[in-house]
Amino acid sequence: MNIRQEIETSYREACKNRNIEVPESLEDDMVLLESGLDSLGFAVLVTDLEMKLGYDPFTLMDEPVYPRTFAELFSVYERFKDRAQK
Amino acid sequence: MKTKPILITGGTRGLGLSICRKLLKSGYEVVAAGRTKSDELSQLIESHHETPSSGSISFERIDLADCASLHSRINEISKKARGLYGLVNNAAIGKDGVLATMHDSEIHDVIRVNIEGSIIATKYAIRSMLLRGEGRVVNIASIIATTGFNGLSVYGASKAALLGFSQSLARELGKANITVNSVLPGYMKTDMTSGLEGEKLKSILRRSPLGRLATTDDVAETVDFLLSHNASSITGAQFKVDAGSTC
């Protein structure tokens, strides 16, 4: 399972479903809130990723963390990958 | 056509069971949730199996007091149902008694089940609706939330919280084509109100222009309407079903 690829795919799908234009390459320093995806779109992304990856890191973490950039989002999923239930 | 699974918390008896019965008749995939499967629900499931119609009904164990279990339980139920279309937040506990002498643990229990459990269950149930691009949430509040009643301050607070929750959530989920509405039943004859007799009951009947109590079936009809296509433009609304006792 390539987590980054899954995140990128889900991210693009979430944007497409909300008629948001996505840059061709998703750079590490891309600020999520400035990318066009609003908080509801982000919730759809997290839900979709839970279905695909088998875990929701935001539910598993003890203290809430809100990733600011695409790299931070990726790192959150990477940190909890061992908790995947599939 | 997409199936329409509806999760009803507290669906094993009283109002919840009436809602399950009505939704089954309307052809939904009814998932009745509760701590234990009641005899009445077992009978309903059995009789449906004997004379199956368009809908379906099943039981799922959920304990809203055990908030930590809700994520996995709701996910399992959603997965089994291939994505929920609706959630009816009906489960609640009601402790009757003046606040000054109510035990702290009873206050915590009401808050945990009626507010915390319902909110967390909603959090996970709406996720499959977000992916479907459509959905319905119906929160069963109570007229006590707005009128008050002697001896029900904590219960009333919990139901008022549910109303506030519904209003903001309706705004939050509108863009996702998910409606959120509240139903405020008046006094009905259920296990929960079985202690309501004598002068208290007479006083409620006197206040009703219709001279009677609303029934659980009356409330179930309203829930059925809110889940239907006919209610697709209704969100953030509150429906009193109380035979007019608060008008």
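**Reading the interface**

Author: Across the interface of chain A and chain B of this predicted model, six residue pairs are in polar contact, both residues being at pLDDT 80 or more. Helix H2 (residues 39-53) of chain A gives the most to the side of chain A that touches chain B, with eight residues. That side divides into five nonpolar, two polar and five charged residues.

Reader: How many salt bridges are counted between chain A and chain B?

Author: The count is three. In one of them, the side chains of A:Asp38 and B:Lys175 meet at 3.1 Å, N to O.

Reader: How is the size of an interface expressed?

Author: It is often given as the accessible area lost when the parts come together. Here the area buried between chain A and chain B is about 910 Å², with carbon and sulfur atoms giving 61% of it. In chain A, the residues that lose the most area to chain B are A:Leu40, A:Thr47 and A:Glu50, together 48% of what that side buries. As for contacts, twelve residues of chain A meet eleven residues of chain B.

Reader: Is A:Asp56 buried or exposed, and why?

Author: A:Asp56 counts as buried because its relative accessibility is 2%, and the cut-off for buried is under 20%. A:Asp56 is found in the loop between H2 and helix H3 (57-60) of chain A.

Reader: Which side chains does the side chain of A:Asp56 join in polar contacts?

Author: Within chain A, a polar contact of 2.6 Å links the side chain of A:Asp56 to that of A:Thr59. Towards chain B, a polar contact of 2.8 Å links it to the side chain of B:Arg127. Leaving aside residues up to four places away in sequence, A:Asp56 touches A:Val46, A:Glu50, B:His71 and B:Arg127.

Note on methods
Residues numbered from 1 in each chain as written. Chains lettered and ligands numbered in written order. Predicted model: local features only at pLDDT ≥ 70, side-chain atom pairs only at ≥ 80, totals over all residues. Heavy atoms only, no water. Contact = heavy atoms within 4.5 Å. Buried area = accessible area lost by both parts, 1.4 Å probe. Salt bridge = Lys/Arg side-chain N within 4 Å of Asp/Glu carboxyl O. Polar contact = N/O pair within 3.5 Å; in protein donor to acceptor, adjacent residues only side chain to side chain. Helix = DSSP H or I, 4+ residues; strand = E, 2+ residues; numbered from the N terminus. Nonpolar A, V, L, I, M, F, W, Y, C, P; charged D, E, K, R; others polar. Buried < 20%, exposed > 50% of the residue type's maximum accessible area, 1.4 Å probe, protein only.
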